[in-house]
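Please open the model in your viewer and keep the selection panel at hand. The tour below goes from one selection to the next and says what is to be found at each stop.

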Amino acid sequence: MKNAKLLILLSFVLCFSGISAQESPSKEYQDNYKKVMDRTAWWRNDRFGMFIHFGAYAVAARGEWVKSNEEITTESYQKYIDEFNPVDFDARKWAKIAKAAGMKYAVLTAKHHDGYCMFDSKLTDYKLSTLFGGRDLVREFLEAFRAEGIKVGLYYSIIDWHHPDYPNVGNHPQRNDKEYGKRKFNWDNYLKYMHGQVEELVRDYGKIDIMWFDYSFDEYSGEKWKAKELVQMVRKYQPDIILDNRLKHNDGLSSKQRTVSTLGDFETPEQGIPDVPLTDKFGNAIPWETCLTLNGVWGYNESDKNWKSPELIVHTLVNCVSKNGNLLLNVGPDARGNIPQESVSILKEVGNWMAKNSESIYGCGSSALAKPDWGRYTSKGNTLYAHWLYPNIGDINTRGVDGDKVKAVYMLCTGAELPYQKSWWGNTEPGNLFISVGRNPQKPYKYDTVLKIQFK
């Protein structure tokens, strides 16, 4: 009784003073969190992947949302289905491009929102294999990327603008068609179809490392999709698979509300990077991955030439890793099956940088040090990587590094040892470590010059 009164008094004092007691995670939550971190360990080590958006929308060449954006009916969209014949498709070529870029995993759209299947589903004739000599493009992708030692994942749209039992909700192309809306939709029948296709993918295509579901919205979230049953089925066939978090709509949650779900292993910020590492409301790190386009859209767009530079891609990758995140970088092959040459050129340059500096990416995460003006930090074990990204006058000051604990400093891409000192120009304040990189304010190696700081 005395302890109970003390707890009540303490709660009152904390509440009155504006301080809230830290909520403790349940054992069930802790157990699930450990499973998530164990499953995602390889993925958090690899850090860099390729996203591939490929489908009949490449014929329209106005992005993968063309059917919705222009409110095209299924009947009118059929001309793109009929014309889609990716005669140049070579999964082995795609895999070599990804590997040369330093990408460790890849995710392909097995079915996007238009409902057209890139795999030989037995549940529909609305699939590429019927017009592609029976070839199963998804199977060829999986085999080619596995052969290069790249982990494989499949994107599957849980919404479907083609299926007759999927209602005209959300961004459905016929959302404004009142007559279409009068149809009778059998939601359970659609779920049976959707679950059945997912089962085909996780049952019939060998080991799948990632399943990337897309996406929930409004009331169409969580158990509307029978998400628990879906996840249970997926894990029955693929116990080690990792899942994204889009089976449940959770946009806008603050760090005080965010949790790691049993429905997904990692969060998926799109076309942007969090300001800080993502954590749950208990302060635990949350696995996350930014998905990013190389130009402005995911699917092929003939007129979109707004390409991101190799430097921006390298900086973005470093930004993600410095906050314990991954980067899933997209390519959108054209209707013949070729990754655009602009994308290939950018990835080649990124790969050249990765060939010399990937040590500062793979297996790395955030540092406790504050972000410096000249760049960012990543860290791994007893090593700190200072990423010199922006012009800098004078020595690089890695403020917060204890010089007495430093074993040596090297230029990562050449292995050259660099001199350093704890004070400069009368600055003897503790916590400064000035690394000599020459007098040129521009970094000597393009995109990102990495300084490797080894501790004793």
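Select Phe213 and, in this predicted model, display its contacts: leaving aside residues up to four places away in sequence, Phe213 touches Tyr156, Ile158, Val198, Leu230, Val234, Leu243, Asp244, Arg246 and Leu247. Phe213 is also, together with Phe145 and Trp225, one of the residues with the most contacts inside the largest nonpolar core, which has 103 residues. Helix α10 gives the most to this core, with 8 residues. Apart from it lies another core, of 17 residues, and selecting Trp374, Tyr377, Cys413 and Leu433 will show some of its members. As a general background to both selections, nonpolar side chains in soluble globular proteins tend to be buried together.

Next, select residues 187-204, which form α10, along with residues 227-237, which form α11; the two helices pack at an angle of about 20°, and their axes are 9 Å apart. Because angles under 35 degrees count as roughly parallel, α10 is roughly parallel to α11. The crossing in which α10 passes α11 is right-handed. On the α10 side, look for Met194, His195, Val198, Glu199, Val202 and Arg203, which meet Glu229, Leu230, Met233, Val234 and Tyr237 of α11. Sorted by class, this contact comprises 7 nonpolar, 1 polar and 3 charged residues.

Now move to α7 (residues 91-100) and α8 (residues 137-147), whose axes lie 8 Å apart at an angle of about 45°, an arrangement that makes α7 oblique to α8. Here too the crossing is right-handed. Ala91, Arg92, Trp94, Ala95 and Ala98 in α7 meet Glu140, Phe141, Ala144 and Phe145 in α8, and by class the contact has 7 nonpolar residues, no polar ones and 2 charged ones.

The remaining stops concern the backbone. Most residues other than glycine have a negative phi, and most peptide bonds are trans. Select Asp214 and Tyr215, which are joined by a cis peptide bond with omega of about -5°; Tyr215 lies in the loop between β4 (210-214) and α11. The loop between β4 and α11 also holds Lys226, which has a positive phi of about 55° although it is not a glycine. Is Lys226 buried or partly exposed? Its relative accessibility is 34%, so Lys226 counts as partly exposed.

Finally, select Tyr447, in the loop between β13 (434-435) and β14 (449-455), where phi is again positive, near 75°, in a residue other than glycine. At 12% relative accessibility, Tyr447 counts as buried, because the cut-off for that class is under 20%.

Technical notes: Residues are numbered from 1 along each chain as its sequence is written. This is a predicted model: local features need pLDDT of at least 70, side-chain atom pairs count only at pLDDT 80 or more; totals for chains, interfaces and linings use all residues. Side-chain values use heavy atoms; hydrogens and water are left out. Axes are lines fitted to C-alpha atoms, for helices over the stretch in contact, and angles run from 0 to 180 degrees between N-to-C directions. Helices (H or I, at least four residues) and strands (E, at least two) are DSSP runs, numbered from the N terminus. Angles under 35 degrees count as roughly parallel, over 145 as roughly antiparallel, 65 to 115 as roughly perpendicular and the rest as oblique. A crossing is left-handed if the near helix is turned anticlockwise from the far one by less than a right angle, and right-handed if clockwise. Contact means heavy atoms within 4.5 Å. Ala, Val, Leu, Ile, Met, Phe, Trp, Tyr, Cys and Pro count as nonpolar, Asp, Glu, Lys and Arg as charged, and the others, Gly among them, as polar. A nonpolar core is a set of buried Ala, Val, Leu, Ile, Met, Phe, Trp, Tyr and Cys residues joined through side-chain atoms within 4.5 Å. Buried means under 20% relative accessible area, exposed over 50%, partly exposed in between (1.4 Å probe, protein chains only).
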